[in-house]
Amino acid sequence: SSTSLSASLELATVLKASQPLSSEIELDKLLATLLQTVLKSAGADRAALLMVNDGQWSIEAVATVHQPAQVQSVPLSSRADIPQTLIHTVRHSLEPLVIGDATTYPPLAADAYVLRQQPKSLLCTPILHQGKLIALLYLENRLAAEAFTSDRVELLNFLCAQAAISLENARLYQQEQEKSIRLAESEKRLQLLIQQTPIAVLEWNQAFECQFWNPSAEKMFGYRASEIIGCHLSCLIPEEHHPYVDDVVDQILAQQGGSHAINENLTKDGQ
């Protein structure tokens, strides 16, 4: 029937529009994909996505029908190319707002951007994840009034629901990437410190076989790293101390904690 055919076409449109969003995990690429998808689906000629950075709202990406998305975080307070009044209203109400003609909409009568640019159709909708506001999507059509029809708004709502999941996943992925970078940098600094310190640094596995041996340990004990790696720590301790060392090993492996000191060690030449 014509009804089922219409429904099938709408479903195909929704699936085609949402597929690019679900496949992106890198935040910058996702923002660009989201805005391009929205521009194609919603009848807008300009789109922007806003998110919170360090407690401050910023415009993270802007796109038009003639230019690809520009992904760059800029504080909202410093942008003059967006109706601040509309953004603040939706941010506090957490409800989407569709305006058929901004030039005749009283609440925006004093908005600096509307007065200067005279845009027609405006739309701003919150993007929520588990009830928490994570982003705002802003659309405009500068020439046509009533551009955002109910069908387009309905499609946009579906895309925003998909975008909420994708944005949260991308945010978590970005955090993990940043954490990995910080960890790698910390490990690099630690390794540099260990290599340069005048203190002998030794690392052992659970079998108390040497796994790491820094240059100061090589200088102090006389063994090259290649000679000591894989050897049991007992080779560095006089035989009369071995029972005490065995007891210490048992305590450490049992995770009983404590501090242990062995004040006599052996160098390679037996001193």
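**Notebook: strands, a helix and cysteines in a predicted model**

Entry 1, β1 and its neighbours. I counted the links from β1 to β2 (residues 56-64): there are 8 bridges, and the two strands run antiparallel. I then looked at the connection and found a hairpin, with 2 residues between β1 and β2. Asp54 sits in that turn with a positive phi of about 55°. Next I looked up the pairing of β1 with β6, which is also antiparallel and is made by 5 bridges. In that pairing I noted Ala47, which stands opposite Leu139 of β6. I also checked how covered β1 is, and 6 of its 8 residues are buried.

I went through residues 84-93, which make up α3, and noted Leu86, Ile87 and Val90 as buried. Looking down the axis of α3, I found its buried residues within an arc of 100°, so they line one face of the helix. I recalled that an α-helix has 3.6 residues a turn, so residues three or four places apart point the same way. I then asked what covers the buried residues of α3. The cover includes β1 (46-53), β4 (97-99), β5 (121-129) and β6 (132-141). After α3 I came to Leu94, which has a positive phi, near 60°.

I placed Ala217 in helix α6, residues 215-221. Is Ala217 buried or exposed? I have Ala217 down as buried, since its relative accessible area is 0%. Leaving out residues up to four places away in sequence, I listed what Ala217 touches: Ala200, Val201, Leu202 and Gly222. I also took the separation of Ala217 from Arg142, 75 residues apart along the chain, and their C-alpha atoms are 72 Å apart.

I searched for cysteine sulfur pairs within 2.5 Å, and the count came to 0 disulfides. For Cys210, the nearest cysteine sulfur is that of Cys231, 7.7 Å away, and Cys210 is in no disulfide. I noted Cys210 as buried, at 0% relative accessibility. For Cys231, the nearest cysteine sulfur belongs to Cys235, at 5.1 Å, and Cys231 is in no disulfide. I noted Cys231 as partly exposed, with a relative accessible area of 29%.

Notes. Residues numbered from 1 in each chain as written. Predicted model: local features only at pLDDT ≥ 70, side-chain atom pairs only at ≥ 80, totals over all residues. Heavy atoms only, no water. Buried < 20%, exposed > 50% of the residue type's maximum accessible area, 1.4 Å probe, protein only. Helix = DSSP H or I, 4+ residues; strand = E, 2+ residues; numbered from the N terminus. Contact = heavy atoms within 4.5 Å. Arc of directions from axis to C-beta. Pairing = 2+ DSSP bridges.
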